[in-house]
Amino acid sequence: MPNTYILLNHTLTPKQAQELKENFNSTNIIMPPQKISDFWQQIPTDAEIGEELLKPVLEWLSAMQNGDILVIQGEFGATFALVGLALEKGVKVLHSVTERIATESRNGELVERNYVFEHKRFREYKKIVYSVIED
């Protein structure tokens, strides 16, 4: 059974946990320590994404092995960096596919929009190699 590491800006929902169990044979879900979770939710905007900035997360994820699963979403640059690293280690990397439900209300010239995101499924990150065939 693979270990499943969760790195999201929110807690895993029951529907997501059930999907991981049923569709990805995941029974050992590993949540980050609170310090890592807090950091992941507020990646500093004044720093470059790199090994030094992501060191606490990298150390936490260092136990990942070939065949494990990483569920990740968050700040795009940090997510991109960690997806690449995980794929190189042979880890299956997933992200949540959501449906955005918007509501809008108006009060004179003021417009207020609210969004609710509903999880639909997990989708695997894939590395695609594209070759151009020249004549």
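Me: Hi! How many helices and strands does the protein chain have?
Reply: The secondary structure comes to four helices and five strands, taken as DSSP runs numbered from the N terminus (helices are H or I with at least four residues, strands are E with at least two). This is a predicted model, where local features need pLDDT of at least 70, side-chain atom pairs count only at pLDDT 80 or more, and totals for chains, interfaces and linings use all residues. Residues are numbered from 1 along each chain as its sequence is written, and side-chain values use heavy atoms, leaving out hydrogens and water.

Me: What is the mean pLDDT?
Reply: The mean pLDDT of the protein chain is 93, and 99% of its residues reach 70 or more; pLDDT is the predictor's confidence in each residue, from 0 to 100.

Me: OK, helix α3 now. Which of its residues are buried?
Reply: In α3 (residues 51-61), the buried residues are Leu-53, Leu-54, Val-57, Trp-60 and Leu-61. Buried means under 20% relative accessible area, exposed over 50%, and partly exposed in between (1.4 Å probe, protein chains only).

Me: Why are they on the same side of α3?
Reply: Because they cover an arc of only 105 degrees around the axis, using the directions from the helix axis to the C-beta atoms.

Me: And which exposed residues are on the face turned away?
Reply: That face of α3 carries Glu-51, Glu-52 and Glu-59.

Me: Switching topic: is Tyr-130 buried or exposed?
Reply: Tyr-130 is exposed, with a relative accessible area of 70%. Its place is in the segment after β5 (110-124).
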